[in-house]
Amino acid sequence: MKVKIIAAIIVSALFTFSCTDLNEELYDKVEDGNFGNTPNEIEALVGGAYSSLRGFADGISNSYPTCEYVFFLNEVASDEATIPTRGTDWYDGGRYQDVQRHVWRADNGMILSAWRYCYAGIAKVNSIIYQIDKSGLSNEAKAPIYAELKSIRAYYYYLLLDMFGNVPIVTSFEDQSLPSNSTREEVYNFVESELLAAVPHLRPNVVYSKFTKNVAYSLLARLYLNSEVYVGRARWQDCIDMCQNVTGHSINNDYFANFATENQGSNEIVLSIPYDSKAGTVGNYLSSMSCHYLQRFAVSPTGDYPWSANGISAQPGVYSTFADNDKRKKSMIEGDQINLSTGSVIVMDSGEPLTYTENIVDFTNAKQNEGVRLGKYEMKAGEQWERSHDWVLIRYSEILMMQAECYVRLGSPGLAAPFVQQITSRAGTDMPAVIDLNFIDKELLREFVFEGRRRTDNIRFGTFFQPWWEKGATPNYRKIYPIPTAVLTTNTNLDQNFGYF
């Protein structure tokens, strides 16, 4: 599977992304009707849409969903992760502190990165649809290609719906006019209609890392699970129905097989973003964003492991949420870090031992060893800065947990038990005496810790608005982010989201 990444990278080089508004300068890069008429050419074109999921970096932003800043934005705004300032490190104008404390402004660089990540992907998909339009393919041959491409675009719009709410819907590659906002409900309806229209034409079988019927059903389930937040209408039964349409997947007996370097063999993964450092993929280096600078000696006796940046870590209290017998607790790195060449605890430059602590005494001036670190994806000697594990977007365990939550919300917790049982059994933990929303909320944290989705759960459960560590009460309007200042400057047809200025 990963060898096909090379072709996708080559094709993606045909397209450029250079602006903070929505008028992407792509027109001179689009091939004419002579390209896109053979299966190999079609696969290469569609591969360009998939490669957009990895994000990009340029002089304006780092827009990587696997680490910075898109991942940071969703994690640090949640009750799961934090990026404390350590001396002069990780201040960066206060952007991480502001998101931690829910006082972000429209000029925060992470917010701009998330916006640009989504619209860069949308622009690429629109450009490829344009090329398919101009190809000599029959309408019948175009239908499944359109379905796949529009599903990818719908995924980006789902992210925009979740993060920003009232965003422009842009589907034309040729229209260069500056778009205006659509309402959050209009974006919701667009995502739903695009996915429902695509389903009949998508592949019914399990195809790794591709947008299949299963992926479309999973995204519709997510949409319906959060429907009450998005548009004020609960759709719990619709979420269950979509989940029950997902077939051919099962949870892996080994939880961490989903996060191994060669995780593409896991049948639990419904959708992932493929990476292969040998093929030149970039943006997948989260492990090096979290651990201490000297962590390499705890991974390799010779230090044959990339330098780490000592940044993002778990918020105090997250590690303690896990029972000691919970296998998923190993998603975090805590305690003494042993130098594999000496057998002793690594000593930091300060002379203190490298012992990760759950507590962070001073968020604005944390010690270098404070904060439990992110260790969910496999870390091993000989790795490059760019990792080769595929980044998981949807796992079958999410399909199980969505059904469990919806049954509880519908007043039938007994029907939730078979789904929860599969999750707790694998984790090695006991089933609760009562399955209620409090348990579901905490189990979602434990099952999906550091997978970049916790903020959405916090908002749905209402905890997002309550005080927690280093954060006071959050006003309701902050359930969506502001439209970035740079975008408003370049597109005067856009209105800022309510509450922001």
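Guide: Before we start, axes are lines fitted to C-alpha atoms, for helices over the stretch in contact, and angles run from 0 to 180 degrees between N-to-C directions. Helices are DSSP runs (H or I, at least four residues), numbered from the N terminus. This is a predicted model, where local features need pLDDT of at least 70 and side-chain atom pairs count only at pLDDT 80 or more, while totals for chains, interfaces and linings use all residues. Residues are numbered from 1 along each chain as its sequence is written, and side-chain values use heavy atoms, leaving out hydrogens and water.

Visitor: Are α13 and α14 roughly parallel or roughly antiparallel to each other?
Guide: Helix α13 spans residues 396-409 and helix α14 spans residues 413-427. Their axes sit 8 Å apart, at an angle of about 150°. Angles under 35 degrees count as roughly parallel, over 145 as roughly antiparallel, 65 to 115 as roughly perpendicular and the rest as oblique. So α13 and α14 are roughly antiparallel.

Visitor: And how close do the axes of α10 and α13 come?
Guide: Helix α10 covers residues 236-244. Its axis crosses that of α13 at roughly 150°, so these two are also roughly antiparallel. The axes come within 9 Å.

Visitor: Is Val191 buried or exposed?
Guide: Val191 lies in helix α7, residues 184-198. Its relative accessibility is 1%. Buried means under 20% relative accessible area, exposed over 50%, partly exposed in between (1.4 Å probe, protein chains only). Val191 therefore counts as buried.
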